[in-house]
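The report below describes the fold of one protein model, going from its overall layout to selected packing details. Please keep the sequence and the structure in view while reading.

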Amino acid sequence: MNLRTLFPNYAVVAAAVSIASLPIQARAAEASETLRAAVDEVLALAYDAKATTPLSVRVRPVVEKQFNLEIITRRAIGPGWKQFTAEQKTAAIQLFTDVVIRTYANRFEPGDRPVINYGKPVIPDAAKPALRELPSTITAAGKTFAVVYRVEQAGDSWRIYDVIIEGVSMIANWRSQLDPIFQKGGANAVIEALQKNLAQQPLK
Amino acid sequence: MKQQSKLELIVGMFMIVGIAAVVYLALRIGAGTLVGGDTYELQARFSNTGGLNPGSNVVISGVPVGRVEAITLNTTDFSSVVRLRLRKDLKLPTDSIASIKTSGLIGDKFLALSPGADDEVLAPGALITNTESTVDLESLISRFAFGDVKDKPAAAATPSAETPPATPATSTAPVTQ
């Protein structure tokens, strides 16, 4: 059984990612507190019954503010990133951001508002005090999922650089798909694959 | 007489070389120690290492590059810390990901490293925090197949104080040898 293909079939998990993968914002405040605020912001956008614009459009500003998209894209592509030109890097970041937001936003199905419980923040490595892992559980449609946010402090703000759902890392998941594409066709193949993926996902 | 002692000497030397070869192979294949090559150690922090054992393979792109030396429990945050020994010529970027994988559905667990894109590399003894733990397949299947009986919590809980950082060298207790 391929777990990486199992997950996308479940809208609840997609919704969890959509919610969870949305950002943290913080100014000198604790990462966990700002995570809660960010999740609340995303939930408000997702469950706004009066909204007419697609969810992916509504959440994009929040994602851009709270996620470290350059780091996420770089890590998702893997070692091949070093061979991208500056223009290719810019294009890849834009495309990858669009693909990730649209992938999860399009799978979001409004139902009962999920209940989120936050666990104790963890400093995973004493040598890197700017890193935190923020564990949580999301309960939706009678199912509970473990979600861990990995965040990094940059200046006085915290930004998400990975989300782990039931032990599966978002970055590792994308890297396992994008790295083989790079190995076959280089940077242009990665950009073309992202463009193709985006074209197959209309705004909803 | 002289020729006989010469023959005995040759046989003796042959036996010594044979025993040395057997010992070398036993260490190399069985004990999980890479004899004869320069190696260095890294650590990786997981929330669950179920099924991984000392001696398990460490691979990159399917190619064995080292072994798991020990698995210990961090008694502070109850995470699992894995010590790996890798070939010294491997320079892994700091954003490399360590994932626990299974050979097939019910095969042995091994540790897969996915190199990242950072310019900095992991120094000997460094801790990899970008990890994917063992996925509890049975639990996942049963939850998707039969649903979840847990009641919804009444309200979101408040996060409490931060868990202190992992300090594997001082606060871990071995659970496996």
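What order do the five strands of the open sheet of chain A have, and is the pairing parallel or antiparallel?

## The sheet

The strands follow the order β1-β2-β3-β4-β5 in an open sheet of chain A, with antiparallel pairing, where strands pair if DSSP finds at least two bridges between them. The edges are formed by β1 (115–118) and β5 (168–169) of chain A, each of which pairs on one side only.

Strand β3 (residues 143–154) and strand β4 (residues 157–165) of chain A are joined by eight bridges in the antiparallel sense, and Glu152(A) lies opposite Arg159(A) of β4(A).

## Basis and overall layout

This is a predicted model, in which local features need pLDDT of at least 70 and side-chain atom pairs count only at pLDDT 80 or more, whereas totals for chains, interfaces and linings use all residues. Residues are numbered from 1 along each chain as its sequence is written, while chains are lettered from A and ligands numbered from 1 in the order in which they are written.

Chain A contains seven helices and five strands, these being DSSP runs numbered from the N terminus (helices H or I, at least four residues; strands E, at least two). Of its 204 residues, 45% are buried, that is, have 20 or more other C-beta atoms, placed from the backbone, within 10 Å of their own.

## The pair α3 and α4

Helix α3 (residues 31–46) and helix α4 (residues 55–66) of chain A pack with their axes 10 Å apart, at an angle of about 170°; axes are lines fitted to C-alpha atoms, for helices over the stretch in contact, and angles run from 0 to 180 degrees between N-to-C directions. That angle makes α3(A) roughly antiparallel to α4(A), a term used for angles over 145 degrees.

The contact (C-beta atoms, placed from the backbone, within 7 Å) involves Ala38(A), Glu41(A), Val42(A), Leu45(A) and Ala46(A) of α3(A), together with Leu55(A), Arg58(A), Val59(A), Val62(A) and Gln66(A) of α4(A).

## Helix α5

Is helix α5 (residues 69–77) of chain A mostly covered or mostly uncovered? Helix α5(A) is mostly covered, with eight of its nine residues buried, including Leu69(A), Ile71(A), Ile72(A) and Ile77(A), and also Arg74(A) and Arg75(A). The buried residues of α5(A) pack against α4, α6 (86–107), β4 and α7 (170–199) of chain A. Just after α5(A), Gly78(A) adopts a positive phi of about 90°.

Note on methods
Buried ≥ 20, exposed ≤ 12 C-beta atoms within 10 Å, placed from the backbone. Parallel < 35°, antiparallel > 145°, perpendicular 65-115°, else oblique. Contact = placed C-beta atoms within 7 Å.
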